[in-house]
Amino acid sequence: MAIQPLFDSSHFDPGRVVLPDIELVRGLGKATDVVIGIAGSNGRSTLVGATSELESKVGKAGTLLGLLLDQGASHAADEVTELNLPGLRVLAVGMGGDLDLHPEDLRRAAGVGVRRVLSIVNGSGRRIVVSLDADAETQVQAVSEGALLGSTGFRKLTGEPAESPVASIGIIGSSRTAQRGLAAGRITAHAVCVARDWTNLPANLLGPNDLVEQTRGYLKDAKIDIEALDERALEKAGYGGILAVGGGSARPPRLLRLDYRPRAAKRHLVLVGKGITYDSGGYNLKTAESLTTMKYDMAGAADVITATKAIADLGLSVHVTAYAPLAESMISGSAYRPGDVLAIFDGSTVENIDSDCEGRIVLADALARANADQPDMLVDIATLTGACMVALGTQVAGLMASDDATADRLLDAAEAAGEEFWQLPITEHARKQLPSEVADLRSKANRYGGALFAGAFLQHFVNDQTSWAHLDIAGPAWNRDAAHDYVPAQATGTGIRTLVALAASMTD
Ligand code: BES
Ligand code: MN
Ligand code: ZN
């Protein structure tokens, strides 16, 4: 008799990710709360987005800036000053000392303001207007992303009925460019929220095939082809890496492939996302502490799936193929062992030095497969190494690339999207450490420069002529601290906005 799980991922319909209503508004209307900015230089503060309508609400009591300064308002980044006017709460969010505001300043201020409103009163029934003087498409997109992403937090799995929908949000603006920015912001924010929810799902509720089924539901109305190889198909095609890593689990591995191909597209972007639904470390078992969060080791897969959906929803004219090698790394009689030699999709062999290097092994198979698509650009994204976190901390993701021009394209996309990446080198020294005594390659060298060695290892599976970048998001994919600005606790969805911006840069 099959044992029916009491509780499984079918309870989680990504279509049910509910974001607040958001629309462009011309004025305050029935707002209960209004978020504005306060920026400054040389100790002098200036309000951002203080409309004449808002000033008129102050009446004879003084100026809005004057009243806020009386409350101790500061333009220090992320600081919030509240001012209660009759029937309207004003929140002035510090935007820093630089009056030259970038989209990321707007995204953050909107996130800080909306999060603060929702923390004071539990959201429902609030009507929040965000007034930050945004008009250009990229500005309005940033404000709407910040407002939407800041309005949602980590949600507990609970038997309680779902919370009622949160506040509605209005953004001051009316132009065509503002309309486009709002539509784009809504699409990317939704993608990020789906990825966060998937990543937060514990591994008992989300195995490799569950993520495939979730993806089918999520993409049912999108013009995206889906293919999922099961364990038999993986074996037939020669995916020895994915099969080895997934071999220890009762839930077999999958290789998910999505294809979005609009007719006019000239260029082809191929994405590969690490999808380890749980990383126990295998026979190189992790420590008790690091085991607790290893459900987030599929964040890269969630990123490429949701980014592809966002790219399709935006109607970007670029051919996008996404691969997600999905496996659960467990210990059992069928688990792969340290010392095993694995045959990768391209025919090369790898000596498994340490079963906790599972990510690079499943990525090797997927990257080798991706070459056959002849991409104009190939990008993999993975929670790959603790070493990258040692190097760059938890807020900055690592970037390694086939060449500096490709790295710069990624850095430009990340800058536009407000995500932080830092380039690391793939050194000759790292490459020299690749050969194994018993196979073509070994999966691990010594512990120094672990992120670079992983990069060199992955590069081995990518065609020499291909523009390729590797994004190591082990740090920023997970927020270990409390929520801040538009980033919730736990899964963050880091990388999606950069991938979407990269696709947008390939449409001309
Ligand atoms: N998924 C981990 C990397 C990781 C660590 C992500 C911490 C997020 C937080 C990866 O599979 C891994 O275990 N890497 C090892 C590689 C090592 C054995 C060479 C690591 O970083 O310790
Ligand atoms: Mn591992
Ligand atoms: Zn891992």
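This is a predicted model: local features need pLDDT of at least 70, side-chain atom pairs count only at pLDDT 80 or more; totals for chains, interfaces and linings use all residues.

1. What is the site of the manganese ion (ligand 2) like, judged by the angles among its donor atoms? It is irregular, with angles of 74 to 171° among six donor atoms.

2. Residues are numbered from 1 along each chain as written, chains are lettered from A and ligands numbered from 1 in written order, and side-chain values use heavy atoms, without hydrogens and water.

3. Asp 279 (OD), Asp 356 (O and OD) and Glu 358 (OE) coordinate the manganese ion (ligand 2) at 2.0 to 2.3 Å. Donors are N, O and S atoms within 2.8 Å of the metal (3.2 Å for Na, K and Ca); water is not among the atoms, so sites may look incomplete.

4. Asp 279 also coordinates the zinc ion (ligand 3), 3.2 Å from the manganese ion (ligand 2). The pair links distant parts of the chain, with Asp 279 in strand β11 and Glu 358 in helix α11, 79 residues apart. Helices (H or I, at least four residues) and strands (E, at least two) are DSSP runs.

5. Elsewhere, the axes of α5 (residues 176-200) and α10 (residues 299-314) come within 9 Å and cross at roughly 155°. That makes α5 roughly antiparallel to α10 (angle over 145 degrees, on a scale from 0 to 180 between N-to-C directions).

Definitions and conventions: Angles under 35 degrees count as roughly parallel, over 145 as roughly antiparallel, 65 to 115 as roughly perpendicular and the rest as oblique. Four donors count as tetrahedral if all angles lie between 85 and 135 degrees; four count as square planar and six as octahedral if opposite donors are over 155 degrees apart and all others between 65 and 115; anything else is irregular.
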